[in-house]
Amino acid sequence: MSRSDLTLRKRLELELADELYECNICIDVVFVADAVFACDTCHAVSHLRCVDEWASTQSEQWRCPSCPRLHLDIPEGACYCGKALGCEEDPYEAWFDPPHSCGLTCGRGLSCGHECEDVCHPGPCSPCLQSVTSTCGCGASEVTHVCSDPIESVECDAVCDLELSCQSHLCMDQCHGGPCKKCAVSVTQTCTCGKDAQTISCNEAFFNPNYSCGRICDKPYACGNHACEEVCHIHGSAALPCPKDPTILLKCPCGARKFSIKESLDTRTSCEASVILCDDVCWNQMKCGHCCKQQCHEGPCTVCLEKVEMFCKCQSTSTTRICSDASETEIACKTLCRRSKNCGRHHCQQKCCPRDSIIYDNENDDPHYCGIPCDRMLKCGKHQCQLECHRGPCPPCLEANFESVSCACGNTVLEPPIPCGSNAYPPCSMDCIAKRVCGHDASIFPHTCHPPSEPCPPCKFLVERICKCGNNSVKSTVCSSVDLPSCGRACGKVKLACSHPCTQICHVEPCLEECTVLCGQQRKCGHVCMYPCHAGKSCVDAGACGAMMTLKCKCGIRSIRRSCGQVSHARAITRKWLLDKENGALGVYPSPVDADGDLWCNAECEAMAKPENRTVFYTPELVEYAEKHLEFTQLITTAFSNLLQASHKFHTFAPMKLIQRDFIEALAEHYGIPTETEGEDPEAIIVAQRVLASTRPAILLTSAIDLKKRGLLLYSIKEEDVDQPPINDSSVERQPKLTKGFARPMAVPAKETIKLSNAFDLLQQGNE
């Protein structure tokens with residue numbers, strides 16, 4: 001697990017212990033021996049000296065350098081829990097405690113109310129692990145669990161049986177968590193006046209005990225002459241006193257004059273007596289907003305005699321009238337309005353038209369509302385707009401088709417009404433059932449139903465069709481493909497000019513007239529003609545035969561490879577020379593082959609007939625290794641030849657494998673060149689030194705490989721004699737010795753290398 005996956009507390013402990021944590025102020029490592037300050041909000045740890053400098057640059061409150069937390073106190077050296085105050089040195093004592101920890105119990109308060117029981121630590125506290133007991137809703141069962149892993153609700157199988165909020169019924173549900181449901185028992189509630197009743201739930205009746213039916217109370221007062229005129233309200237069982245009783249009504253209607261009970265009884269003896277009026281003006285505010293200027297009177301104020309200024313509808317003319325008459329009449333002037341109406345197309349022609357600032361509840365009352373029919377053509381292209389003249393585009397056509405429309409498969413039906421101008425084809429998600437033109441079943445590659453006017457998608461069924469050239473049939477061809485498939489083979493149609501088959505890849509166009517096929521006819525020599533098609537010409541006219549032949553001499557020592565045409569030309573020259581020789585003519589120099597087509601035997605044959613000219617002192621193992629690694633052998637042979645001719649006496653070979661070093665040491669003995677290995681594998685090198693006895697072998701190793709390929713190579717020793725110990729007597733012929741896989745014979749006298757001659761120079765001149 002990487003450190004990025006650890007918790008903040010664990011990461012702080014590891015980084016502080018490994019001295020990898022950096023101070024947020026100086027960006028330097030916080031060492032174990034440093035005094036630190038840890039923020040109790042973001043839990044960032046900083047050097048105490050850095051925090052002191054940070055706090056000194058701020059006012060009374062200083063902000064944490066890592067979070068917006070404000071601190072009031074000056075930072076002091078302390079542990080994480082704050083118990084080890086005033087520590088100038090790290091209180092870290094026990095190796096198993098976190099760095100900068102006091103080693104005591106943390107004791108910081110958790111959100112659950114308990115205290116942290118871990119050792120003083122950096123970072124946030126761990127979840128509370130104390131055991132707590134939770135009780136079910138009815139209190140009959142208890143469950144013990146970890147405090148940090150609370151249980152949402154504890155339930156038992158008993159009935160709750162707790163008192164509901166209505167305080168009249170008990171909860172009959174099974175034990176549950178949280179508050180009980182509202183009481184759903186139906187009760188009958190009577191209104192406050194007692195004239196009406198309603199059936200509601202017990203819970204609603206408990207929280208809304210006063211129910212008003214909205215009617216007039218009409219309950220008689222205590223006088224028996226008058227009744228209550230208020231809306232249904234709460235009142236006691238006893239009759240209410242009459243508000244017109246002389247002992248209760250102690251002022252005039254306008255309220256300007258008040259009476260004592262004695263004065264009221266002297267004037268009025270009962271509630272039916274007239275109310276006492278004063279001589280002052282009423283001054284009560286009326287509905288129009290003016291004050292009543294009539295003399296104090298009983299009942300509501302009616303007529304307002306205040307004069308007001310009235311304006312016409314367009315606010316251009318005014319007049320003065322009585323307030324009570326102003327609300328009943330309107331003033332209209334003769335000014336003609338020419339403002340644009342709401343449609344923007346027509347203008348108002350009304351006299352004394354209201355201003356635009358007037359807002360009407362009903363737009364039809366607005367004089368600038370245009371009521372002329374629109375009559376513009378709708379999007380359907382069949383009907384005209386029947387609305388009143390308006391701004392913006394016309395709404396969709398409201399005409400409809402009342403005949404049902406079904407899809408092609410008949411599974412989806414578009415029921416009427418169908419709006420005019422809309423797509424009358426119903427969208428169907430079922431598979432199309434239309435028969436394809438090709439005749440394949442549509443269920444193999446299904447597609448959704450579509451209108452009959454739209455064609456089905458291309459058929460993906462794989463069929464077998466004749467290819468372009470008509471010779472083969474291709475099975476995996478898409479049915480809807482228009483182009484003929486290609487079989488990928490040659491056309492094969494026979495051309496009339498040369499009777500060769502066409503080599504073009506399967507095609508529809510006519511075959512090309514030019515033929516690129518090889519002739520293939522048998523020539524007089526017996527070989528097949530390999531020239532391109534030469535229709536109308538013989539193979540002889542096309543050119544000499546190019547088939548390669550291996551020619552050998554009579555003794556079988558010499559062999560070369562030449563073309564049939566070259567051999568035929570050489571034989572013709574030889575026959576002509578023999579004929580001229582019989583006739584006594586001098587003739588020309590004969591070709592390298594005789595009349596039968598065999599090579600002439602020459603000095604090389606005579607030399608190779610002698611065993612000493614093809615006998616080597618190399619061991620079969622050395623020759624076999626050199627043949628397998630010819631390029632490496634040529635490099636080493638060239639190095640030894642250069643050393644024999646160079647002015648320096650030493651040659652150093654680069655480090656190489658052990659088997660290659662053994663090969664160099666074995667071959668060096670045939671050149672009479674001492675070698676010495678220096679160093680150890682894999683850096684071991686070989687140093688070769690030229691001496692007076694160093695000389696070139698009679699037959700080079702590369703020439704021995706050529707003799708072996710021709711079957712002429714002879715070995716001076718037998719393979720079974722390789723393992724014999726060497727003879728140290730100088731009078732006896734020295735035998736080869738075997739060391740590390742290669743026989744190393746001693747140096748032998750140098751002999752001249754026999755060069756193989758090439759006698760086909762005249763043949764090339766004859767061809768020219």
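**Labels and the values behind them**

Q: How many disulfides does a search of the whole structure find?
A: The search finds zero. The model is a predicted one.

Q: What makes C180 a cysteine that is in no disulfide?
A: The nearest cysteine sulfur belongs to C160 and is 3.7 Å away.

Q: Why is C180 called partly exposed?
A: Its relative accessibility is 26%. Buried would need under 20% and exposed over 50%, so C180 counts as partly exposed.

Q: Is C348 buried or exposed, and what is the value behind the label?
A: C348 has a relative accessible area of 1%. The cut-off for buried is under 20%, so C348 is buried.

Q: How do you know that the span of helix α7 agrees with its number of residues?
A: Helix α7 covers residues 564–582, which is 19 residues. At 1.5 Å a residue these should span 27 Å, and the end C-alpha atoms are 27 Å apart, so the two agree. The buried residues of α7 include C564, V567, I573 and W577.

Q: What makes β17 and β18 a pair of strands?
A: Pairing takes at least two bridges, and five join β17 (residues 548–552) to β18 (residues 559–563). The two strands run antiparallel.

Q: Why are α9 and α12 called roughly perpendicular?
A: The axes of α9 (residues 620–628) and α12 (residues 701–709) cross at roughly 90° and come within 10 Å. The label covers 65 to 115 degrees, so the two helices are roughly perpendicular to each other. In α9, V623, E624, A626 and E627 meet L701, I705, K708 and K709 in α12.

Q: Why does F632 count as buried?
A: F632 lies in helix α10 (residues 630–645). Its relative accessibility is 16%, and buried means under 20%, so F632 counts as buried. Neighbours within four places in sequence aside, F632 is in contact with M656, Q660, F663 and I664. Q660 is 28 residues from F632 in sequence, and their C-alpha atoms are 8.9 Å apart.

Q: What makes β20 and β21 edge strands?
A: The open sheet has three strands in the order β20-β22-β21, with antiparallel pairing. β20 (650–653) and β21 (675–678) each have a single partner strand, so one side of each is left without a neighbour in the sheet. On average, neighbouring strands here are turned by 20° against each other, direction ignored. β20 pairs with β22 (residues 685–689) over four bridges, and H651 stands opposite A688 in β22.

Q: Which helices pack on this sheet?
A: α10 touches β20 and β22, and its direction makes about 160° with that of β20. α11 (residues 658–670) touches β20, β21 and β22, and makes about 160° with β21.

Q: Why is α11 described as largely enclosed?
A: Of its 13 residues, 10 are buried, so α11 is largely enclosed by the rest of the structure. Among them are F663, I664, L667 and H670. α11 reaches 19 Å from its first C-alpha to its last, close to the 18 Å expected. G672 follows α11 and has a positive phi, near 70°.

Terms used:
Residues are numbered from 1 along each chain as its sequence is written. This is a predicted model: local features need pLDDT of at least 70, side-chain atom pairs count only at pLDDT 80 or more; totals for chains, interfaces and linings use all residues. Side-chain values use heavy atoms; hydrogens and water are left out. The expected span of a helix is 1.5 Å times one less than its number of residues. Buried means under 20% relative accessible area, exposed over 50%, partly exposed in between (1.4 Å probe, protein chains only). A disulfide is a pair of cysteine sulfur atoms within 2.5 Å. Axes are lines fitted to C-alpha atoms, for helices over the stretch in contact, and angles run from 0 to 180 degrees between N-to-C directions. Angles under 35 degrees count as roughly parallel, over 145 as roughly antiparallel, 65 to 115 as roughly perpendicular and the rest as oblique. Contact means heavy atoms within 4.5 Å.
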